[in-house]
Amino acid sequence: MMERGSTMRRTMAAILAACGAFGATVLPLQAQTLRVALRGDVDTLDPALSQTFMGTVVYTGMCDKLFDIDEHLNIVPMLALSSETPDPKTVVIHLRPGVLFQDGEPMDAAAVKFSLDRDLNQPGSFRRSEVAMVDHVDVVDPLTVRVALKQASAPFVAQLTDRAGMMVSPKAVREEGAGFALHPVCAGPFRFVERVAQDHITLERFDRYWDAKDIHFDKVVYQIMPDSTVRLTNLQAGATDFVEQIAPTDVPAVEASPKLKIVKSDSLGYQGLTFNVGNGKGADSPIGRDARVRRAFELSIDRDALIGVVFNGLYQPTAQAISPVSPFNLPGLKPPARDVAAAKKLLAEAGLTGRVPVSLGIINSPLNRQVGEVIQSMAAEAGFDVKVVAMEIGSGLAALHSGDYQVFQIGWSGLLDPDSDTWAFLHGGGPMNYAAFHNPDVDRLLDEARATDDVAKRRDLYGAVWKIVGVEEPIVYLWTTRNIAGLSKRVVGYRSLADGLVRLQGASFSD
């Protein structure tokens, strides 16, 4: 009810702003307040516990990382100035001097050790698998940390370009305890002010930010707008300045407006179908027990048609978790074409007669519902009876973890190193292995890929993973996404990178 009411209020506000209804004067917000529309709410404001892309978008305004990436997927300095590897099992990180957390505490080597130790040891940490190669962290001096690894690790520094590299204030964590997510304190350009669930999150400029010269907004308000039509209407009306993701079907409307613009970039992310093959009672179904049924479900789907109908043809079909923009992508690996006859044959081989019931979970939004309906219609032709179950993000994540689902349409925003796109989802015991998939050969291949920095060898190892996954099908990869932001032309200096995060350094209003 809260979301529906909030959506209605925003739609009415946008209409009034656009039309000047009843002669009312619409008062502008503070000149330097940037309003960013998000397609969903965050799960938590604690980087160690976060699972959602929306959370990472907000953290990007609030929590700097040790390292970042650039337009060419190079690792570049942020809170850290550099790193070196004196031997394969040691990484020395040199920190930027004079950096403060938003509570005034120093962001020094002791704080880095605290944050990395917390990622490893915090109950429920989703960063644990990303830094699991860490044996211990030593403070060398106030601006130097030495990280001892259990084994050589190709992805370790790359992991520090995302949430594992976001440093949190030790003082704030100790004072807030389990309530840290309610009052998070990081070392980024904006400090936390308030969060109203399913409505908005407000951040204010941190005047003592180390890179203050590149921050030009006094406040950022992240507005939660799951409905793509509402996001578009608010952008057109000037009720928001920046839409983090424009629906592909709405791109022509934005491009046609003299006051708006589109900023695009190729994405590291994917969307797909996760099948419950071993996670509790939800796995006890024909599609959970038998890979032939899962293969039949995949063969019932026409990726190109689905992408054409729902996403205006702007996304790319895929059969792997690794984006084409990554050097680890296998360009020759193509998804199977739709084959309804082959799907029916597989169901017959599995001993299934009549219509095969399947529950398909989705995160509730108009676009996701449309995806679910298209899959439902396609799968019906092969003999499946698909029930689409829409859930809010919190309920959806709970269902994935508890196993209270059969199939879930969900994806991943994609990170710099392919380890982040694979290990946690496919390795036995991985924190986001929602399918509860376990294959010893896949575990070995993923572990080997972590231990070498040879790009060609790692690509081959991931190729071997895709061969096994393509047979057992715990996840069916459907398409690679694109980052499509819609902006007021007043917003200048914004750069869209492959991870899709909203970086505000250098962005400003033109007037």
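Helix α10, residues 303–311, is covered on its buried residues by elements that include α9 (291–299), β13 (316–317), α12 (366–380) and β17 (475–488). Covering here is contact, meaning heavy atoms within 4.5 Å. Helices (H or I, at least four residues) and strands (E, at least two) are DSSP runs, numbered from the N terminus.

This is a predicted model: local features need pLDDT of at least 70, side-chain atom pairs count only at pLDDT 80 or more, and totals for chains, interfaces and linings use all residues. Residues are numbered from 1 along each chain as its sequence is written, and side-chain values use heavy atoms, with hydrogens and water left out.

Which residues of α10 are buried? They are Arg303, Leu306, Ile307, Val310 and Phe311. Buried means under 20% relative accessible area, exposed over 50%, and partly exposed in between, with a 1.4 Å probe and protein chains only. An α-helix has 3.6 residues a turn, so residues three or four places apart point the same way. Asp304 and Val309, on the other side of α10, are exposed.

Now the ends. After α10 comes Asn312, with a positive phi near 55°.

Next, Arg458. Arg458 belongs to helix α16, residues 455–472, and is buried, at a relative accessible area of 2%. Leaving out residues up to four places away in sequence, Arg458 touches residues including Phe328, Asp417, Asp419 and Asp453.
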